[in-house]
Amino acid sequence: MFNTSLSQAMVPTCFKSTTIIPVPKKASPSCFNDYCPVALTPIIMKCFERLVMQHIKSILPPSLDPYQFAYRASRSTDDAISTVLHSALTHLETKDSYKTKEIVVDFRRASTQHPPLTINGAAVKRVSSTKFLGVHLTEDLSWSCNTASLAGKAQQRIVRAAEKIVGAPLPSLQDIYNSRLSRKAFSIAGDSTHPTHCLFSLLPSGRRMRSLKARTSRLKDSFVHQAHPFLEMAEPRSTLTALILAAKEAMRNHR
């Protein structure tokens, strides 16, 4: 029967039948959630699975990863933990090798203070993100950090390809951003009719621009807040003052 099932690549229906036994989780169950369903498969199916497992294990290549602990005889989680701990402690024995880092992933609603992890009395550095097998992992398991890294690599490849096509080096994205930011900021500062012109006003002393307040990083990263300090650093103070005063004078004449 077993040989016929293997040759035809089919499992008899009677082998796949399962009996569900509800096992109480507590002494006095009162609802369905108080029971744990346990599936009982036929004994003949368990014997069949054991024979197939032995056959598969016999044809596995000898080059199986020695650090494969799951689904192997005489291997358990205890072996995995002891092996990893031994490797970490052996690495820490060498000089200038304290590069072990800790990342904590906690989805509990209430914030919890986690005690620091120590190895041989030394506290392990805790980080909010780390790179593992080419993937950036963060403590909130979001993909923003990994996506930003991939986007940066893609932009670098695009720039290199464009430089090969035009035969000349291209300016960096930061330089392009700074030049356009400066150009737009001076355009607004010199246009008295612009809706955001008042945000680039000078203090009564005429030496500094009026500072802007922001509580969130979302507002700090906006155009006006980025252009405001950049406008002061990009040009001499006298040029900036003359430009804004000229814009104010033009606004008075317009009125």
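Ala9 is exposed, with a relative accessible area of 69%, where exposed means over 50% relative accessible area, buried under 20% and partly exposed in between, computed with a 1.4 Å probe and protein chains only. The model is predicted, so that local features need pLDDT of at least 70 and side-chain atom pairs count only at pLDDT 80 or more, while totals for chains, interfaces and linings use all residues. Residues are numbered from 1 along each chain as its sequence is written, and side-chain values use heavy atoms, with hydrogens and water left out.

## Overall composition

The protein chain holds eight helices and eight strands, both taken as DSSP runs numbered from the N terminus, with helices (H or I) of at least four residues and strands (E) of at least two. Of its 255 residues, 16% count as buried. The protein chain exposes about 20,100 Å², and carbon and sulfur atoms supply 59% of that area; accessible areas come from the Shrake-Rupley method with a 1.4 Å probe, and for residues only the protein chains shown count as cover. Among contacts in the protein chain with a separation of 6 or more, residues 24 or more positions apart account for 40%, a contact being heavy atoms within 4.5 Å.

## Two residues with positive phi

Ala9 has its place in the loop between helix H1 (2-8) and E1, and its phi is near 55 degrees, a positive value in a residue other than glycine. Leu141 also has a positive phi, of about 55 degrees, although it is not a glycine. Leu141 lies in the loop between E8 and H4 and is partly exposed, with a relative accessible area of 49%.

Thr138 belongs to strand E8 (residues 135-138) and counts as buried at 9% relative accessibility. When its neighbours within four places in sequence are left aside, Thr138 is in contact with Ile103, Val105, Ser128, Ser129 and Cys145.

Asp140 is found in the loop between E8 and helix H4 (144-166), and at 47% relative accessibility Asp140 counts as partly exposed. The side chain of Asp140 makes a polar contact with the side chain of Thr138 at 2.6 Å and another with the side chain of Ser142 at 3.0 Å. A polar contact is here a pair of N or O atoms within 3.5 Å; within protein, one must be able to donate a hydrogen and the other to accept it, and residues adjacent in sequence count only if both atoms are side-chain atoms. Asp140 and Phe107 are 33 residues apart in sequence, and their C-alpha atoms are 7.8 Å apart in space.

## Salt bridges

A search of the whole structure finds two salt bridges, each defined as a side-chain nitrogen of Lys or Arg within 4 Å of a carboxyl oxygen of Asp or Glu.

| Salt bridge | N to O distance |
|---|---|
| Lys26 and Asp34 | 3.7 Å |
| Glu102 and Arg126 | 3.6 Å |

Glu102 lies in strand E3 (residues 101-102) and Arg126 in strand E6 (residues 125-126), so the pair ties together parts that are 24 residues apart in sequence. Glu102 is buried, with a relative accessible area of 14%, whereas Arg126 counts as partly exposed at 38% relative accessibility. In the other pair, Asp34 counts as buried at 10% relative accessibility, while Lys26 is partly exposed, with a relative accessible area of 45%.

## A nonpolar patch and the cysteines

Ile21, Val23, Val38 and Leu40 make a nonpolar surface patch of about 270 Å². The elements that give two or more residues to this patch are strand E1 (19-24) and strand E2 (35-40). Patches are made of residues with over 30% relative accessible area and no salt bridge, like charges being joined within 9 Å and nonpolar side chains (Val, Leu, Ile, Met, Phe, Trp, Tyr) within 5 Å. Val38, which is found in strand E2, is partly exposed, with a relative accessible area of 33%.

The count of disulfides comes to zero, where a disulfide is a pair of cysteine sulfur atoms within 2.5 Å. Cys31 counts as partly exposed at 35% relative accessibility.
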